[in-house]
Amino acid sequence: MRPFTSTISLDEARRRLQVNVRPIERIERVRLAEAANRVVATDVFSSIDVPPFARSAMDGYALRAVDVTGASRETPVTLRVVDRIYTGQLSAVAIEPGTCSEIATGAPLPTGADAVVMVEETTKIDEGHVRLFGTVAPGQHVGRRGADITRGDRVATAGDLLTPSRIGALAAIGAVDVEAFAKPRVAILSTGNEVVEGGQPLAPGQIYDVNRFTLAAIVSAHGGLPEPHHPVADTVDSLGVALDVCAAADLIVFSGGSSVGERDLVADAVAARGEMIFHGIAVRPGKPTAFARIGSTPFFGMPGNPTSCLSNAYVLLVPFLRATARLPLDAPRTVRVPLARRIASAVGRHQFYTVQLRDGAAHPAFKGSGDITSLSRADGYIEIPAEQDVVEEGETVTVTLL
Ligand code: AMP
Ligand code: MG
């Protein structure tokens with residue numbers, strides 16, 4: 001065993017990660033239907049007016065506002081109805097003084113009309129005449145041509161996150177696709193002689209690969225494109241080959257073999273190819289976490305223990321990946337509740353402690369860093385700073401929800 005010579009604080013690890021982020025530069029065209037949560041790469045300007053024509057905003061009667069001046073319940077105005085205009089069609093009949101056309105919401109305003117009286121303020125006398133009780137100002141209940149988007153307007157700005165409404169604005173101008181930043185390709189690979197894939201019986205001493213799946217899920221959820229690989233044995237040669245296979249990715253994430261046991265050769269394999277930026281963080285769980293650059297490709301060496309691996313993925317990989325993908329920082333939801341039972345914590349390590357929320361309190365739920373159920377059965381986690389040794393029962397804690 002070669003012990004860790006030193007660890008760095010969580011804040012220092014975050015700082016070193018932040019300075020090593022290289023936001024993705026590759027651009028690709030993405031169909032609008034697949035554009036949710038993508039990041040716009042190139043400004044988009046409209047070549048049309050939206051709406052493309054003046055339209056009625058109400059079901060009612062299109063007319064000249066001046067023709068209903070002073071109209072009220074007591075003094076209604078009667079106009080001759082010259083047409084009935086549905087959506088999707090233009091009226092061939094111009095509105096002259098003393099006339100109006102029945103019109104549907106969204107239908108083009110006829111020539112000569114400048115306002116719409118809504119149907120609630122009218123009564124039909126017969127097919128050819130209507131009585132109107134409401135006055136309107138010119139332009140009232142009319143959607144002006146280009147009122148929503150004017151030709152030449154910027155509809156999407158480089159760097160914008162494509163929310164549903166921004167996708168809607170692109171759809172409104174007839175766009176079918178948009179230039180977006182590519183999703184970072186994230187190579188994911190588990191190391192360990194004992195680690196095998198699901199779908200086959202376990203030989204003595206073997207376990208199923210968990211980290212490949214937790215990491216792929218978290219990468220997908222935060223704007224990356226997971227590229228999972230088969231588990232690799234603990235030999236310098238196979239790890240070297242694995243690193244070469246992953247070299248085309250934008251980010252490499254290995255798990256296992258990152259501590260300093262005899263067989264933990266990942267750090268050696270990485271150090272032989274690139275620059276180790278840190279190895280060992282004063283957190284619990286998750287101390288044996290490494291970060292390096294191999295050429296220009298960032299490399300995360302996550303601990304093999306599934307809860308350590310996933311917990312550090314939340315805390316360190318997610319912000320790094322989101323920044324690489326140009327996504328805004330994630331703002332996890334938190335709740336403040338009393339702690340149901342006292343938790344002791346080792347001084348000198350920032351501790352993540354999983355909890356379940358029951359009866360308005362946080363109940364400790366951490367089993368062990370090797371147990372995925374420490375997380376899968378938890379609702380969230382609390383953080384205990386490195387200098388603190390205990391959180392007392394009843395103390396109000398901030399739970400970050402998972
Ligand atoms: P290591 O970081 O390689 O020393 O592994 C620490 C512990 O995590 C060991 O009990 C491993 O068997 C286990 N482990 C490593 N990789 C995985 C994995 N991909 N899935 C599940 N458990 C793992
Ligand atoms: Mg191992």
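In what order do the 6 strands of the open sheet with mixed pairing that contains S13 stand? The order is S16-S13-S17-S21-S20-S18, where strands (E, at least two residues) and helices (H or I, at least four residues) are DSSP runs numbered from the N terminus, and where two strands pair if DSSP finds at least two bridges between them.

This is a predicted model, in which local features need pLDDT of at least 70 and side-chain atom pairs count only at pLDDT 80 or more, while totals for chains, interfaces and linings use all residues. Residues are numbered from 1 along each chain as its sequence is written, chains are lettered from A and ligands numbered from 1 in the order in which they are written, and side-chain values use heavy atoms, with hydrogens and water left out.

**The sheet from S16 to S18**

- Strand S16 (225–228) and strand S18 (275–279) stand at the edges with a single partner strand each, so one side of each is left without a neighbour in the sheet.
- From one strand to the next the twist averages 20°, with axes taken as lines fitted to C-alpha atoms (for helices over the stretch in contact) and angles running from 0 to 180 degrees between N-to-C directions.
- S18 and strand S20 (residues 290–294) run antiparallel and are joined by 4 bridges, and His279 has Ala290 in S20 as its bridge partner.
- Helix H1 (residues 10–19) packs on the sheet, where it touches S18, S20 and strand S21 (297–302), and its direction makes about 155° with that of S18; contact here means heavy atoms within 4.5 Å.
- Helix H3 (residues 211–221) lies across strand S13 (185–190), S16 and strand S17 (251–255), and runs at about 165° to S13.

**Ligand 1**

- There are 16 residues around ligand 1, of which Glu194, Asp209, Val210, Gly257 and Gly304 come nearest; a residue is near a molecule or strand if one of its heavy atoms lies within 4 Å of it.
- By class this shell has 5 nonpolar, 8 polar and 3 charged residues, where Ala, Val, Leu, Ile, Met, Phe, Trp, Tyr, Cys and Pro count as nonpolar, Asp, Glu, Lys and Arg as charged, and the others, Gly among them, as polar.
- A nitrogen atom of ligand 1 lies 2.9 Å from a backbone N or O atom of Val210, and a polar side-chain atom of Asn211 lies 3.3 Å from a nitrogen atom of the ligand.
- A polar backbone atom of Gly304 is 2.9 Å from an oxygen atom of ligand 1.
- Taken alone, ligand 1 exposes 480 Å², and the protein buries 76% of that, with accessible areas from the Shrake-Rupley method and a 1.4 Å probe.

**The sheet from S7 to S8**

- An open sheet of 6 strands with mixed pairing has the order S7-S4-S6-S5-S9-S8.
- Its edge strands are strand S7 (115–118) and strand S8 (122–126), each of which pairs on one side only.
- Neighbouring strands of this sheet are turned by 40° against each other on average, direction ignored.
- S8 and S9 pair in the antiparallel sense over 4 bridges, and the bridge partner of Asp126 in S9 is His129.

**Pairings of S28**

- Strand S22 (residues 334–338) is joined by 5 bridges to strand S28 (residues 396–401), and the two run antiparallel; Arg336 has Thr398 in S28 as its bridge partner.
- Strand S26 (residues 380–384) and S28 also run antiparallel, joined by 2 bridges, and Gly380 has Leu401 as its bridge partner in S28.

**Backbone features in loops**

- Val50 and Pro51 are joined by a cis peptide bond with omega of about -5°, and Pro51 lies in the loop between strand S2 (44–45) and strand S3 (55–56).
- A cis peptide bond also joins Arg284 and Pro285, with omega of about -5°, and Pro285 has its place in the loop between strand S19 (283–284) and S20.
- His141 has a positive phi of about 60° although it is not a glycine, and His141 is found in the loop between strand S9 (129–132) and strand S10 (142–143).

Technical notes
Polar contact = N/O pair within 3.5 Å; in protein donor to acceptor, adjacent residues only side chain to side chain.
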